[in-house]
Amino acid sequence: MIDPAAIAAEIATVAAEEILPRFGKLTARDVRQKKPNDLVTVADEAVERRLSAYLGALMPSALIVGEEACAADPDLLPRLNTAEAAWIIDPLDGTANFTRSKPAVAVIVALVVQGEVQAGWIHDPFAGATVIAERGSGAFRNGVRLALTEPRRDTWPLGSVHIKYFPEPARRRLI
């Protein structure tokens with residue numbers, strides 16, 4: 001069994017040690033393009049490396065699908081379709097913002113079991129805030145339960161997750 005709060009703490013620690021010290025201090029050697037207009041920094045790679053090791057130790061049989069690992073090995077992403085359990089990691093969502101010294105970034109992690117998302121973490125290293133959502137348990141921001149409110153149409157869309165990160169069976173249900 002996983003401890004969502006312990007995972008949140010590890011994500012926050014890794015972000016504090018790998019993202020925050022590099023903010024506003026990246027050199028040309030610290031940034032490269034995976035493909036045109038798709039940047040990766042040393043911070044992306046360091047966060048993914050550390051979280052992959054941590055999460056892999058928690059669930060050794062789980063597939064680990066990190067954004068940078070998928071860029072290096074395109075055959076990794078389709079393995080989500082058959083994985084019993086998988087960790088999905090976006091180590092630095094908002095890399096372009098980060099390279100321009102804009103603090104609009106997050107670390108995103110999800111646990112997928114048998115094709116269904118069981119838990120997710122979104123950590124804002126600049127606000128020191130983490131949202132944890134667990135299937136059947138609700139969502140919490142820094143330990144405080146989030147409540148549903150009536151949506152305001154003037155605030156839509158609030159965010160998105162690219163469908164390519166979901167296993168094929170889940171993608172079919174979303175379309």
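This dialogue explains how to read several features of one predicted model.

Student: What should I know before I begin?

Tutor: The model is predicted, and local features need pLDDT of at least 70, side-chain atom pairs count only at pLDDT 80 or more, and totals for chains, interfaces and linings use all residues. Residues are numbered from 1 along each chain as its sequence is written, and side-chain values use heavy atoms, with hydrogens and water left out.

Student: How are the strands of the sheet arranged, and in what order?

Tutor: Helices (H or I, at least four residues) and strands (E, at least two) are DSSP runs, numbered from the N terminus. Two strands pair if DSSP finds at least two bridges between them. Here, seven strands make an open sheet with mixed pairing, in the order E3-E4-E5-E6-E7-E8-E9. At its edges stand strand E3 (63-66) and strand E9 (144-145), each of which pairs on one side only. E3 and E4 run parallel and are joined by four bridges; Ile64 has Trp87 in E4 as its bridge partner.

Student: In which sense do E1 and E2 pair?

Tutor: Strand E1 (residues 31-35) and strand E2 (residues 38-41) are antiparallel, with four bridges between them. Lys35 has Asp38 in E2 as its bridge partner. Two residues lie between the strands of this hairpin, where Asn37 takes a positive phi near 65°.

Student: Which other residue has a positive phi although it is not a glycine?

Tutor: Gln114 does, with a phi of about 50°. Its place is in the loop between E5 and E6, while that of Asn37 is in the loop between E1 and E2. To describe their surroundings, one uses relative accessible area: buried means under 20%, exposed over 50%, and partly exposed in between (1.4 Å probe, protein chains only). Asn37 is exposed because its relative accessible area is 77%, and Gln114 is exposed because its value is 59%.

Student: How does one check the length of helix H2?

Tutor: The expected span of a helix is 1.5 Å times one less than its number of residues. The 17 residues of H2 should therefore span 24 Å, and the end C-alpha atoms, 25 Å apart, agree with this.

Student: Which residues of H2 are buried?

Tutor: As a general idea, an α-helix has 3.6 residues a turn, so residues three or four places apart point the same way. In H2, the buried residues include Ala43, Val47, Leu51 and Leu55, along with Asp44 and Glu48.

Student: What is found at the start of H2?

Tutor: There one finds a polar contact, that is, a pair of N or O atoms within 3.5 Å; within protein, one must be able to donate a hydrogen and the other to accept it, and residues adjacent in sequence count only if both atoms are side-chain atoms. A side-chain oxygen of Thr41 reaches to within 3.1 Å of the backbone nitrogen of Ala43.

Student: Is Thr95 buried or exposed?

Tutor: Thr95 is buried, because its relative accessible area is 9%. This residue lies in helix H4 (residues 95-99), and a polar atom of its side chain is 2.8 Å from the backbone oxygen of Leu92. Contact means heavy atoms within 4.5 Å. Not counting residues up to four places away in sequence, Thr95 touches Leu39, Val40, Thr41 and Asp44.

Student: Which residues touch the most other members of the largest nonpolar core?

Tutor: A nonpolar core is a set of buried Ala, Val, Leu, Ile, Met, Phe, Trp, Tyr and Cys residues joined through side-chain atoms within 4.5 Å. Leu51, Trp87 and Trp121 touch the most other members of this core of 25 residues. The elements giving two or more residues to the core include helix H1 (4-18) and helix H2 (42-58). H1 provides the largest share, five residues. A second, separate core has 10 residues, among them Leu63, Val65, Cys70 and Ala110.

Student: How many aromatic pairs are found in the whole structure?

Tutor: Rings of Phe, Tyr and Trp (its six-membered ring) pair if their centres lie within 6.5 Å; planes under 30 degrees apart count as stacked, over 60 as edge-to-face and the rest as tilted. The search finds three pairs. Phe23 and Phe98 form a tilted pair, 5.9 Å centre to centre with 45° between the planes. Phe23 lies in the loop between H1 and E1 and Phe98 in helix H4, so the pair ties together parts that are 75 residues apart in sequence. Phe23 is partly exposed at 23% relative accessibility, whereas Phe98 is buried at 1%. Trp87 and Trp121 also form a tilted pair, 5.9 Å centre to centre with 40° between the planes.
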